[in-house]
Amino acid sequence: LCDSKLGRYAIGTACLAAAYNFLLTPKQQKTKEHFDNRSSRFKALQQKHFPPGFPNTWHAVCNAADLTDGQVKSISALGTELVAFRGADGKAAVLDAFCPHMGAHLGFGGQVVGNTIQCPFHGWSFDGSGTCQRIPYTTRLTEEVKEGAKIKAYETRELLGRIFIWFDAEGRPPQWDLAAGLDLEEAVTRGDCYPVAMRCSIFHQHCCEMHMNSADPFHFQTLHAPLPIPGLGRFIKGIHRIRTIYGEGEIRGKVEKHQHLTLFKEKTMGLYLFGKKRWPVPFSATVAQLIDTVVTFEGPNMMHFKLITPLGTIRQIKTILPIEPFKQQVEMYWYAEKSVPRIIAYLLSLIGKVALEQDLEVWENKLYWKEPVLVEGDGPFQEFFDWYGQFYSQSSSQVGRHQLEW
């Protein structure tokens, strides 16, 4: 009995000693993470290295659905505040948001009256060209007053239910017109294609990043190697082959040469377990040979994807709207030919969303080197830099600069 009590005492003492050491002995800890990609410090660093935030091009600023039933749409983007409305004549218009009289925001309380938008403060009315057409308490609306009260108006285009404006830091007219999506719009109108899905995301990065992928073949073997299906990417990886040509793209199914276009072609050569070529996924190479991806970049912020399959063609229109220099609204609209089953088109649109997000962690935490260290095997980055530079002009660095002064 004594031995038994002694043994229990010893065990209890050992447990207390172990607990004492566990609780009071200091443990080595991980250091805190202080990097913050939303901090003013990092944004200032980005500002120093990246191109200006708002390239000269067509930008999709809102949807046609925003302008039904006399609605006025407020838009905060491109370093400024805008309003969009549709007049009684059916034409969409986009103006700067603030009334030149006393500074009221036309998007808050403003009303569509005929072909004009009426200011909620004093009732001044402006047409789609920004010209003041009526001041309710004066009869002396002279040409001089109209000129002084004119609001900046933007050239607009409507395509596939989207409202685009031409943005140019120098105020120049459009340097080209939207053309790469016209055949798709006609196919949807005829009923040959149907809409599949629409997705919108906010990315905290510069708008050039998605386009820069076109010059970077090797990152397809790293970031895009995992199969973009949740749960499978860890085990199944693909090998990709890409080709990029700056200065040309597909218009109505034919390749045309225009400086503002880029043609990008991608093909998956097969799928492999853990990325090992000695462990191919059965039939993956055969199936991959039947599928082609062709992308036309129309300017710096619009992409037209064509996924060509044995079942038919699936298309995606992707637009990037710079809300701020390092905050992008990315909208993806998916369409498919009638021969493609809706469930397959929808699932492929989900896979496309995952594939896009494979870059996100890198994009949101990187810098842009104007003269990167390049080696044999890198892609045509210099061609990309030269091509992308055409969308900036002398005043580009000053547009929206107040948004960079955090």
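**Cysteines and their surroundings**

Cys-193 has a relative accessible area of 10% and is therefore buried, where buried means under 20%, exposed over 50% and partly exposed in between, with a 1.4 Å probe and protein chains only. The model is a predicted one, in which local features need pLDDT of at least 70 and side-chain atom pairs count only at pLDDT 80 or more, while totals for chains, interfaces and linings use all residues. Residues are numbered from 1 along each chain as its sequence is written, and side-chain values use heavy atoms, with hydrogens and water left out.

A disulfide is a covalent bond between the sulfur atoms of two cysteines. When such a bond is taken as a pair of cysteine sulfur atoms within 2.5 Å, the count comes to 0 disulfides. Cys-200 is accordingly in no disulfide, and the nearest cysteine sulfur, that of Cys-62, is 12 Å away. Cys-200 has a relative accessible area of 43%, which means that it is partly exposed.

Val-196 belongs to strand β12, which spans residues 193–203; helices (H or I, at least four residues) and strands (E, at least two) are DSSP runs, numbered from the N terminus. With a relative accessible area of 13%, Val-196 is buried. If contact means heavy atoms within 4.5 Å, and residues up to four places away in sequence are not counted, Val-196 touches Trp-334, Tyr-335, Ala-336, Arg-342, Ala-345 and Tyr-346. Leu-106, by comparison, is 90 residues from Val-196 in sequence and 34 Å from it in space, C-alpha to C-alpha.

Strand β1, residues 57–63, holds Thr-57, which is buried at a relative accessible area of 1%. Leaving out residues up to four places away in sequence, the contacts of Thr-57 are Ile-165, Trp-166, Phe-167, Trp-176, Gly-299 and Pro-300.

Strands of a sheet pair through backbone hydrogen bonds, either parallel or antiparallel. Here two strands count as paired if DSSP finds at least two bridges between them, and an open sheet of 3 strands in the order β1-β11-β10 results, with antiparallel pairing. Its edge strands are β1 and β10 (156–159), each of which pairs on one side only. From one strand to the next the twist averages 35°, with axes being lines fitted to C-alpha atoms (for helices over the stretch in contact) and angles running from 0 to 180 degrees between N-to-C directions. The antiparallel pairing of β1 with strand β11 (residues 162–167) runs over 6 bridges, and Trp-58 stands opposite Trp-166 in β11. In the loop between β10 and β11 lies Leu-160, whose phi is near 50°, a positive value in a residue other than glycine; Leu-160 is buried, at a relative accessible area of 14%.

A second open sheet has 4 strands in the order β5-β6-β7-β8, again with antiparallel pairing. Because β5 (111–113) and β8 (132–134) stand at the edges with a single partner strand each, one side of each is left without a neighbour in the sheet. The twist in this sheet averages 40° from one strand to the next. Strand β7 (residues 125–127) is joined to β8 by 2 bridges in the antiparallel sense, and Ser-125 stands opposite Arg-134 in β8.

Aromatic rings also pair. Rings of Phe, Tyr and Trp (its six-membered ring) form a pair if their centres lie within 6.5 Å, and planes under 30 degrees apart count as stacked, over 60 as edge-to-face and the rest as tilted; by this rule there are 19 aromatic pairs. Among them, Phe-35 and Phe-42 have ring centres 5.0 Å apart and planes at 75°, so this pair is edge-to-face. Phe-35 counts as partly exposed at 42% relative accessibility, whereas Phe-42 counts as buried at 5%. Phe-264 and Phe-297, with centres 6.4 Å apart and planes at 85°, also make an edge-to-face pair. Because Phe-264 lies in strand β14 (residues 254–273) and Phe-297 in strand β15 (residues 292–298), the pair ties together parts that are 33 residues apart in sequence. Both Phe-264 and Phe-297 are buried.

In the loop between β14 and α6 (284–288) lies Phe-283, which has a positive phi of about 70° although it is not a glycine.
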